Amino acid sequence: MTLAIVLAAGTSAAGLTTASGEPLADRLATQLRRAGATEVRFAATLDELAALADAADGPLLISGTDLVAHTAVLRHLATSPVGPTVALVLTDPPVPGRTAVREERGQIVDAGPLDALDGDATGVFGGALRVGVHDLPTLAAAARAAAAVGARPVPAPLGPAGDVSPLPAAEGAGSGGPGSAVDRLVAGLAARDTLIFAQRVRLLVAHRVEDSAGLVAAEAAVTAVDEDRAELRLSVKEKDDFFSTYFVSTWSPYVVRLSARLRLTPTGVTVISVLFALAAAVLFGVGGRPALVGGAVLLYLGFVLDCVDGQLARYTRHFSAWGGWLDTMADRAKEYLVYAGLGFGVSHAGLGNGWALAIAAMTLQTVRHMTDTWYGVLHDEAARRPRTAGGASGGIGDRLNAASTRVQADTGSLSYWLKRTVVFPIGERWALIALTVALFNPLVSLIAVLAWGALAFAYTGALRTLRARWMRVPVLDTVDATLHRDDGPLARRLPVVRPMGPLALAVLAALGPAVLLVAALVGDAPDGLRWAVPVALLVLLAGGLGARAAHNSPLDWLVPAALRAAEYLFAIAVGVVGGAPGWLIFGYVFVLTVHHYDLTARLEKRQTAPPLHAATLGWDGRSTLLALAAIVGALSIGMATLGAYLLVVFVASAVLAWFVRPARSARASAAPVGAGGVAPR
């Protein structure tokens, strides 16, 4: 249930009438209902809004009475998936009494009068916001604080069904102090460190008006834009990568419109894209020029559908946590299935050890993604704490940050596209695979992916490390570090070695398996290195010595990626020493990556641990079991059994998290309550 509130205090627009003769406030109420609000109330004062926030059990959609906009603008605000609390941000020139905002990575990190932002304003508040359930207490406190600094408001008569009628312009203007109440409200929320995301209108129209002339001009601007066509164009990401922008998004909106007419859901499109990628992987494994070219075409079409599922979700406003999670997991599963097809194709054609290349590509890409995810979290945390993020100015990190900001602002320039392309995003990866496999063979494709991926990893790793040292913002201590380290019971019980720090210990943990792997690959008899497996395990477990230490170093955001690399390298090394087939090692590492991507998907939404997380044993427990299997000479059986077990746990955990538990909660909330608050049996 979403309650919408039209807040009339402190604005001269409350009495304005639209061209159709309808009060502007009443039209806003109608638009809010069309945008998805289940109930609309009018509030004359901030104190009344605070009381409504206290009683609300769902998100609140709040608007001033001076907003003229497409209904789609309010619908996008109400359904925005970026975060629980979202504010409309416009590019209109600021006027006295309006709140200016400063954004960083889509988050409002500062809000207030224009002069208070010292020229750093990136936009102005658009007069409407959605507040998530967990932020309602902060909203109520901000509303009461903003009301306390103004004049005593004039009570308004009650309307039908107890609604408060909008105040006339003469009464609403000025009540509650300078500036409209909704402006002071969002500034108060930002001052209380509320995480507020920015919602831009882009191709749609939204303006705040103060008089009849402004209302007429704003209505004309709204009428001049085809709302549905704009929404279709808005389904495409504003800033995407080069290949997606010029070779997919130029025609994918037509597929989006067709999918909407066929009543396909974003999840349905995701499933179809997985099937396309699976078919491409099979053709890559079959080999032969027709099969390779056909697989390349299917891979391209699968990537188009991979873009279409998100575009369809934005066009139809059908967002869900389940759909977002599934899309994240499907993206990685598709890519790694393609690596498997390429690896099999290389081995099948006698071109070399394809499985080794496929395992290397998957491992490299997963560790890269771990650093990408955690650097994004670090950057967001730095944006929310700009005073502590700056540190000493003038250093190399400061200059790199400024240079990156300039390049990102120069949209469409050569430097802009080079910066977005050099990091080897998914569109470029799929395009490179399709082109190289169609023109050459799977071996060239895998080598190209590894080469570009390694260069991109080195480039982004070096620059991000320098910028992180400049930011000096800890991030792992803001979340459950044990969960995202993926520690098991053994690591949690090891003593703490604080002088080295968790990152140094995690890097050390990766060195032992790396040395063992190199020795196994270059030696003539890998099986003779079985004695070295316990030694490598002991070095690996050194990573657990930092499990209970503080993770507040500027570079500790690299710890999860280092531990992922350590576990994968150990599994690969033990697999080579134990004589496991390449496809089995690939499958086992693939299951590990699925488990870890589940954790990163939950990190982005700040969700709790998966229901059966404890049953996954942790990186330390899994590695110990593999080592024992290798020592007794049953590595293949042990790896296959452990991999199958982890896959079953993952599937069961996903079913519990996304189907069983929500169904139980729905039944519990719908059950009638008897005497004493207990549901009758």
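The following legends describe close-up views of a predicted model.

**View 1. Confidence along the chain.** The protein has an average pLDDT of 88, and 91% of the residues score at least 70. The pLDDT is below 50 over residues 151-177, a stretch that has 51 contacts in the model beyond near neighbours in sequence. Residues 387-392 also have a pLDDT below 50, with nine contacts in the model beyond near neighbours in sequence.

**View 2. The salt bridge between arginine 98 and aspartate 66.** The model holds 23 salt bridges. In the one shown here, the side chains of arginine 98 and aspartate 66 meet at 3.8 Å, N to O. Arginine 98 lies in the loop between strands E5 (86-90) and E6, whereas aspartate 66 lies in the loop between strands E3 (60-64) and E4 (67-69); the pair links distant parts of the chain, 32 residues apart. Arginine 98 counts as buried because its relative accessibility is 17%, and aspartate 66 is also buried, with a relative accessible area of 2%. Both residues belong to a network of salt bridges that links Asp66, Arg98, Asp183, Arg208 and Glu210.

**View 3. The salt bridge between arginine 75 and glutamate 231.** The closest N and O atoms of this pair are 2.8 Å apart. Arginine 75 belongs to helix H3 (residues 71-79) and glutamate 231 to helix H8 (residues 227-234), so the bridge links distant parts of the chain, 156 residues apart. Arginine 75 counts as partly exposed at 21% relative accessibility, whereas glutamate 231 is buried, with a relative accessible area of 9%.

**View 4. The salt bridge between glutamate 103 and arginine 200.** The two side chains meet at 2.4 Å, N to O. Because glutamate 103 lies in strand E6 and arginine 200 in strand E9, the pair ties together parts that are 97 residues apart in sequence. Glutamate 103 counts as buried at 17% relative accessibility, while arginine 200 is partly exposed, with a relative accessible area of 28%.

**View 5. Two loop residues with positive phi.** Arginine 105 is not a glycine, yet its phi is positive, about 50°. Its place is in the loop between strand E6 (100-104) and strand E7 (107-112), and it counts as partly exposed at 46% relative accessibility. Aspartate 193, also not a glycine, has a positive phi of about 60°. This aspartate is found in the loop between helix H6 (181-191) and strand E9 (196-200); aspartate 193 is exposed, with a relative accessible area of 65%.

**View 6. Serine 249 in its loop.** Serine 249 is found between helix H9 (242-247) and helix H10 (252-261). It counts as buried because its relative accessibility is 12%, and the cut-off for buried is under 20%. Beyond neighbours within four places in sequence, serine 249 is in contact with Val236, Ser244 and Gln311.

**View 7. A nonpolar surface patch.** Val271, Leu275, Leu278, Val282, Val286 and Leu337 make a nonpolar surface patch of about 490 Å². Helix H11 (residues 266-286) gives the most to this patch, with five residues.

**View 8. Helix H26.** This helix spans residues 618-631 and reaches 20 Å from its first C-alpha to its last, close to the expected 20 Å. Helix H26 is mostly covered, as 10 of its 14 residues are buried; among them are Trp619, Arg622 and Leu626. Glycine 633, with a positive phi near 80°, follows the helix.

Key: Residues numbered from 1 in each chain as written. Heavy atoms only, no water. Helix = DSSP H or I, 4+ residues; strand = E, 2+ residues; numbered from the N terminus. Expected span 1.5 Å × (residues − 1). Buried < 20%, exposed > 50% of the residue type's maximum accessible area, 1.4 Å probe, protein only. pLDDT = per-residue confidence, 0-100. Contact = heavy atoms within 4.5 Å. Patch = residues over 30% accessible without salt bridge, like charges linked within 9 Å, V, L, I, M, F, W, Y side chains within 5 Å. Areas by Shrake-Rupley, 256 points an atom, 1.4 Å probe, with all protein chains shown as cover. Salt bridge = Lys/Arg side-chain N within 4 Å of Asp/Glu carboxyl O.
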